[in-house]
Amino acid sequence: MNAATDSPAAKAAHPVPEASATPETKTVGRITVDDPLICARNVDVFYGEKRAIKDVSIDIARNQVLAMIGPSGCGKSTFLRCFNRMNDTIEQARVAGSIKLEGQDIYDRRQDVVQLRARIGMVFQKPNPFPKSIYENVAYGPRIHGLAADRIELDEIVQTSLKRAGLWDEVKDRLGAPGTSLSGGQQQRLCIARTIAVNPEVILMDEPCSALDPIATARIEDLIDELRASYAIAIVTHSMQQAARVSQRTAYFHLGDLIEVGETDRIFTNPRHKLTEDYITGRFG
Amino acid sequence: MTHSILLLLLAVLVLLAFWLGERRSLSLVGGGRGIRNLHSLPYYYGMLTALWCGLPALLVMGLWLLFQNTVITGLISAHFPGDWQALDAGQRGLLINEIRNVVSGQITLEGVRPQVLAAAAEYRQMQSIANLALSGLVLVIAIAGLGFAHRQISPTLRARNAVERIFEWLLLGCSTIAVFVTIGIVLSVVYESLRFFHVVSVHEFLLGLSWSPQTALRADQAGSSGAFGAVPLFLGTAMISGIAMLIAVPVGLFSAIYLAEYADRRFRSVVKPVLEVLAGIPTVVYGFFAALTVGPALRNLGEVVGLSVASESALAAGLVMGVMIIPFISSLSDDMISAVPQSLRDGAYALGATRSETIRQVVLRAALPGIVGGVLLAISRAIGETMIVVMAAGLAANLTANPLEAVTTVTVQIVTLLTGDQEFDSPKTLAAFALGLVLFLVTLALNVVALKVVRKYREQYE
Amino acid sequence: MSKSVAETRALVEKSLRRRQWAERRFRAYGLGAVLLGLLFVVVLFTSVFSQGWSAFRQTNLTLEVFYDPAVIDPEGTADADTLAVADYPALVRAALKQRFPDVEGRTATRQLSDLVSSSAANVLQARLTADHSLMGKHETLRFLADDKVDQLLKGRISRDLDEADRALSDQQVQWIDALKHDGVLSLDFNRGFFSNGDSREPEQAGVWGAFVGSLYTLGVTLLLSFPIAVATAIYLEEFARRTRWTDLIEVNINNLAAVPSIVFGLLGLAMFLNIFGMPRSAPLVGGLVLALLTLPTIIIASRAAIKAVPPSIREAALGMGASKLQMVMHHVLPLAMPGMLTGTIIGMARALGETAPLLMIGMVAFIVDVPHSLTAPATVLPVQVFLWSDSPERAFIERTSAAIIVLLVFLVVMNATAVVLRNRFERRW
């Protein structure tokens, strides 16, 4: 499973760092942060018999972007979906371990999943605007959660959200047009606007640019950088360049294991684990 | 010679043709060793000969039999004695029916008029002549076909290609039958309706408020001209279908939602087939249930509450029809709901929408066109449903909006007007065809619209 | 953003109770709808089974009859004509009077003889015709009791009713009780129900005639619709190029599938009966109409089955140098056959339950004889249900339900076969 870590040769080439805060984990690098917003410990995810995530522990910090990278099929998206319990919607998926949001276990029986998802928003791989107008798409979250007292306030939320998502100038004249009529990049920014309209604390992004062209991708990346000021962001990406551009911390996954975590600059310049290095230098993936 | 013996003979000839064709192809190239000099396998030469032998003969036989009775009847009626010639079309039809019954031996000969017996004898004689002629013709054609194909066979004959082309044409022919069925429906219904509209104006039929098709057989009877205003039937049909949809749409839709979105797999795997049982029950069973269980139950219930409920109330028929349509709505809705992509659901869940919010505001909204299409199809079924209303709804054409009273429907009237022995040409029977035309057009329109809507919806998510 | 995170959280929390309620309510509606559907199934089946179950048993009356030469053949000629027209009901009457010697008067005698089915006389005639030596002898025979006796014993005619409202008089009820007390009334398995044709007398009516009619009709339907539907499906899927014409055929098939069945009946009446002069009430015409009716269903199922065969198999066959027809016949058709057969069985099940179009072509006539050919007048099971349900006699209600049970058993068998076929042969590619 984790042969490279155990092999003496690997250890010789990449000495395990002395400063690991939680020595009991197999993961290379510091998994903890100061004042974490989310702490995931020993998380396993099973799809029926298959163990898709194996004993993964990591913290998510406030006002910071955490990038999760790794070859396809490594389980990074599955892991991301644990944070807002989207795996609940898959019948045979089962999650074990603990994930705490400000000290509260989100898999606790008393935790209302609706409340949780209002705090932890998510943007998906493929833009998925509702078959409604642009306005209604953004207003939907505030409506169901009762965030706006009246129409004026709702208008204001919609406007601010669209502005923060950098979409306002493009759509302000046609808020009534269907959300599906926008281009792919605009649709994805609409989905981001929709997410921040609920005023979440964390935004999860599951390869948000994989279906977009380079220009639209650049806009989204800029947007992520701006949003970092207000939210904790966890982003799954298959592009190392993207991870390097937008994130402050990077986690490298391989076949369901969290191999290495660290400052993005450090991971990309000085990976400590053989697998990480192989991936970053493009030997596989 | 009976037709089955003729068919048997033909089959023997076809087998013979196959054998002869195969043998000739082989003998032309000097037996099994020369087989490579043949264009196709010997099997195909046999096939070709057999097809030439059998197909034209069968075609002629089919056409002949289709028209034999009509032609003979025409010839017979030309020979009718003078006083029969003076009969009007309706009485003539009855007479011909009687003659045919005598011929087929379905009625005892006691009390049958001698002229009828004479005509029947003539009919029988013509029938045997026709059968003889048919047998001769068919056999001659079969042998001629065999001979022709047999002479054509040569090593360069592309037998396989020919056989395959014939098969392709046969397949094409079969596929056009569906079109001919539609044409047949349209022609038969339209033709009789036009005759009806000679007697009763379209205007009176579509807008008239009074329906009493009982015309007197003799001119001096009272009320001899019936009234053919079909509005009460249309309203009755609409009311019963409406009640049915009021039951079927909510129950069908909600159970589809529950089974698709809430129920776990075990529950679903048990309950779904049980509900689908409702779709497989013959409508006559529903009719019996409506007439014998639901109707009286509603009347008793009405007595308890102090309402007068007719024993053949629109409510009873509509209720049971609704039950019949539940599985139809629920399986269509299920299709439509599962066609909504998971990503839309994920989008709503990720915003913190509850399940019901996701279903109501995202899934159903996205599936709405499909569901509307399904409901339109269901309405068309409700309108065309016959047995439930024949057995549980009334015959009286009441013009009422009260579902507790008895009303009648288009299909009920078609059945009542056309069952039993009547002369075929009275306005009464023709009226049934006019009603059939309306029924056909309305359901056709609903189906076309519904299928279009559903297809468009499907394409949207493909 | 105007609100702080804490404010938002408070607002979300505030709305939570209401939304959880709405969620529960919605879920309850769904469950309610499912349960309502299940309830309908249960009510329907219980109502049919509870009413029909008893029809599988039938009351019989054991009597000792005397083949009285003085009644049958007073002149002693012993020729067949005399035996054919003899007064057999009188023998039955005499046998009954023997049990109740004090019955006097015409009305009372008639009431008494009403307790035995009219078929009793036919039984005696048949036995005597077969065996002349019975003349002048006594014989103990079991006769069908009249339907009203049967219904009284099964508790379907209430004893509490006023005599005027009851189908049986007080006197008759007394007699029945006496007969029961003597042990000559017995409830036995109702063989006649499965071997007789229709009858005006409920106790003599059976489903055999209708069953045979259904077999003939479905036979014609299957013979016509299966080959035509398969050929159509093959043509549309494998040979047809997309032209206006094939588009038209497709639209046509889809629309035909939704045309009300009674319209097909109108087609049958106007075309087959009036233009082509085919016989009324015949299984041939019924089968023809039902074939046209089921054609679209089977075509659609067959096309789906052909579509499910992966293109790689077609390419493999063509790559070997097979012609298109060979490819279809040798590879596609065998692989698609289970799916086609499943669709056909489902179509046949639908045809078996179809009633309305058959009413149009006269299969609704009262027919006692079991049909013996495709052109003989016949009726089918669902029409028999319809006919009996219209009869005023109380006893026909249980027979209607029993006929429905028979019909449902066949439908279940057919659908189960389809399911088994599908599970057994369905391939996933």
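Begin in chain B by selecting helix α13 (residues 355-384) and helix α16 (residues 427-460), whose axes lie 8 Å apart and pack at an angle of about 160 degrees. The model on display is a predicted one. Because angles over 145 degrees count as roughly antiparallel, α13(B) is roughly antiparallel to α16(B). The crossing in which α13(B) passes α16(B) is left-handed.

Next, show the side chains where these two helices touch. Coloured by class, the contact of α13(B) with α16(B) shows 15 nonpolar residues, seven polar ones and no charged ones.

Now widen the view to chains B and C together. Here 83 residues of chain B are in contact with 74 residues of chain C. The two chains bury about 6900 Å² between them, and 77% of that area is on carbon and sulfur atoms.

From α10(B), display V284(B), V285(B), F288(B) and L292(B); they meet I397(C), T400(C), S401(C), I404(C) and L407(C) of α18(C). By class, the contact of α10(B) with α18(C) comprises seven nonpolar residues, two polar residues and no charged residues.

Which residue of chain C forms a salt bridge with E357(B)? Select R19(C): the closest N and O atoms of the pair are 2.8 Å apart. The count of salt bridges between chain C and chain B is one.

Finally, turn to chains A and C. This contact takes 19 residues from chain A and 15 residues from chain C. The area buried between chain C and chain A is about 1500 Å², with carbon and sulfur atoms giving 50% of it. How many salt bridges are counted between chain C and chain A? The count is two. One salt bridge to display joins R9(C) and E102(A), with the closest N and O atoms 3.3 Å apart.

Notes:
Residues numbered from 1 in each chain as written. Chains lettered and ligands numbered in written order. Predicted model: local features only at pLDDT ≥ 70, side-chain atom pairs only at ≥ 80, totals over all residues. Heavy atoms only, no water. Contact = heavy atoms within 4.5 Å. Helix = DSSP H or I, 4+ residues; strand = E, 2+ residues; numbered from the N terminus. Nonpolar A, V, L, I, M, F, W, Y, C, P; charged D, E, K, R; others polar. Buried area = accessible area lost by both parts, 1.4 Å probe. Salt bridge = Lys/Arg side-chain N within 4 Å of Asp/Glu carboxyl O. Axes fitted to C-alpha atoms, helices over the stretch in contact; angles between N-to-C directions. Parallel < 35°, antiparallel > 145°, perpendicular 65-115°, else oblique. Left-handed = near helix turned anticlockwise from the far one by under 90°.
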